[in-house]
Amino acid sequence: MSEIIDVAVIGGGPGGYVAAIRCAQLGLDTVCIDAWKNSKGRASLGGTCLNVGCIPSKALLESSEYFFQVKHKISAHGIQVKDATVDVPAMIARKDKIVTTFTAGIASLFKKNKVKSLLGTGKLLKRSETDKAWRIEVNDNNNVQIIQAKYVIVATGSIPRQLPTVKVDNERILDNVGALSLHETPKRLGVIGAGVIGLEMGSVWRRLGSEVTILEALPDFLMAADDQVAKEAKKIFTKDPGLVIHTEIEIKSIKVTKKFVTVNYQDANANTQKLEVDKLIVSIGRVPNTEGLGSNENGLDLDERGFIAVDDFCRTNLTNVFAVGDVVRGPMLAHKASEEGVAVAEAIAAIEKGHNPEVGAVNFNTIPWVIYTSPEIAWVGKNEQELKKAGVSYKVGQFPFIANGRARAMNSASGFVKVLSDAGNDRVLGVHMIGPHVSELISEAVMAMAFSACSEDIACIVHAHPSLSEVLHEAALGVNNRALHI
Ligand code: FAD
Ligand code: NAI
């Protein structure tokens, strides 16, 4: 490709592929370079999210929840099912099919929007003064081509953080890739890290029958969540004797034999403990992926934690080079990556038209978080501990699902919704939820915050009856002591 194109996007995950589509929609000649290959060696767009992240994990969470309901909960509805069994390979095959459908779907979207797709690793080459554009080397199994682009969007994502002493083989020691592809339910499953992946993947295999033990370094878990939500979650999760969470532990050594994995750790009381499991998931966070990008040579600045350094508008230190998604600061979430991708596409189009490129800093305060456990957890905005620390005066309204008719009818009534609003002007500062389908309910709270609504605005909106959304309504009413059903 000798001509100079408008935009080269490096990385085809939710940050990169969305940026590429939006660039093309805005009339920019766009190429997306992505290195991900499926088991057949073919391109598989969608990055971590589609291949080994959001979508496959939700597919397995859904399937395993059905099994759990049939096995343990459905009798409450007067339905008796005897000897329910699970076909794990069929469950995994269903998940794989969903992934293939969606990754192929992105290829179709590229075609429709005229985004050119290149398979290979993209390396941003050092720019000399005589270069008219950025040059990117695209390498697929030593088939190398150079493309030239006026603008570059780096969206190379993240990879699992490793424990220094133990290597993931995805046979016995698993990261997210292995944890999503087991073909039988391990009898005993260990998980290191009670974060989002640990809780979601621990839930999948627990629902299918594993005895799950989670080892967490911090004194508590879900540190990013509102304290009260985290406490409620721990209380509910650990009611199940098959799910044990040990906090404040320190891993001392991990030994892998043909049959077992043995984890030696120190517990919260400084006693030495041993955990023997059949499989061990290591989910201790993710790190930015800048390997292969050439940052040592091209002068791209990284911050002290290895993320590509960017400003509020995702601009790097290199002119016309932007970076979005997991490879830059901020929450590692697919929707955050995509929003940044769109904002950068709009900024590039604005520069091309001679307009101000500072068109869209993504507002992290209105980015929702969802953890797809049972019950689900979701939040947006500030939590109580953050407001206290910042010295903000706030009001609280809270309502439990147990007092909601729809939740009772669903036999899924644990948890609550909590609305926090400014004590002075009643603006919603944060909404925190634990309960059924809160992954969907949170959108109303996001909308309210995006439009700077007051709790009274939510309280004034008519909510369908009977619906789970009434719990948010009642929590909003509760901010000014007007709740009706409690
Ligand atoms: P990625 O999705 O990581 O994509 C980066 C792409 O760039 C990859 O295809 C990679 O191969 C490619 N690449 C890297 N380097 C190069 C190079 N030099 N040249 C060419 N290509 C390159 N987030 C949510 O919001 N909701 C969820 O429910 C959720 N569930 C998750 C479950 C799991 C198990 C995991 C692991 C993550 C989950 N996430 C979830 C996080 C989400 O997957 C990430 O935030 C999101 O994928 C980040 O998007 P991205 O485009 O920045 O990077
Ligand atoms: P995480 O940051 O959510 O959790 C990692 C946990 O491991 C933390 O609680 C941490 O204290 C603990 N830990 C770290 N080192 C440890 C050690 N040596 N021993 C014991 N515990 C240790 O990271 P996780 O779960 O790996 O997920 C990575 C990211 O992927 C998440 O932060 C999130 O951004 C994204 N994700 C999002 C999902 C969603 O939106 N539903 C689902 C899954 C992942």
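Helices (H or I, at least four residues) and strands (E, at least two) are DSSP runs, numbered from the N terminus. With that numbering, Pro466 sits in the loop between helix H13 (455–460) and helix H14 (469–479). This is a predicted model: local features need pLDDT of at least 70, side-chain atom pairs count only at pLDDT 80 or more, and totals for chains, interfaces and linings use all residues. Residues are numbered from 1 along each chain as its sequence is written, chains are lettered from A and ligands numbered from 1 in the order in which they are written, and side-chain values use heavy atoms, with hydrogens and water left out.

**Domains**

- The chain is divided into domain 1 (4–160 + 287–352), domain 2 (173–284) and domain 3 (367–478); the bounds come from an automatic or database domain assignment.
- Taken over C-alpha atoms, the centres of domain 1 and domain 2 are 28 Å apart.

**Interface of domain 1 and domain 2**

- In contact (heavy atoms within 4.5 Å) are 19 residues of domain 1 and 16 residues of domain 2.
- The two domains bury about 1400 Å² between them, 68% of it on carbon and sulfur atoms; buried area is the accessible area (1.4 Å probe) that two parts lose on being put together, summed over both.
- Val52, Leu61 and Val88 of domain 1 lose the most area to domain 2, together 31% of what that side buries.
- There are 2 salt bridges between domain 1 and domain 2, where a salt bridge is a side-chain nitrogen of Lys or Arg within 4 Å of a carboxyl oxygen of Asp or Glu.
- Arg207 and Glu65 form a salt bridge through their side chains, at 3.2 Å from N to O.
- On the side of domain 1 that touches domain 2, the elements giving two or more residues are helix H2 (47–52), helix H3 (54–73) and helix H4 (88–113).
- H3 gives the largest share of that side, 9 residues.

**Ligands**

- Around ligand 1 there are 38 residues, of which Gly15, Asp34, Thr48, Lys58 and Gly122 come nearest; a residue is near a molecule if one of its heavy atoms lies within 4 Å of it.
- The side chain of Thr48 has an N or O atom 2.7 Å from an oxygen atom of ligand 1.
- Gly122 places a backbone N or O atom 2.7 Å from a nitrogen atom of ligand 1, and Ala334 places one 2.9 Å from an oxygen atom of ligand 1.
- Ligand 2 is surrounded by 24 residues, the closest being Ile197, Glu216, Gly285, Met332 and Val370.
- A polar side-chain atom of Glu216 is 2.6 Å from an oxygen atom of ligand 2, and an N or O atom in the side chain of Arg161 is 3.2 Å from a nitrogen atom of ligand 2.

**Backbone features**

- The peptide bond from His465 to Pro466 is cis, with omega near -10°.
- The bond from Ser374 to Pro375 is cis, with omega near 0°, and Pro375 is in the loop between strand E18 (369–371) and strand E19 (376–381).
- Ala270, although not a glycine, has a positive phi of about 65°.

Definitions and conventions
Polar contact = N/O pair within 3.5 Å; in protein donor to acceptor, adjacent residues only side chain to side chain.
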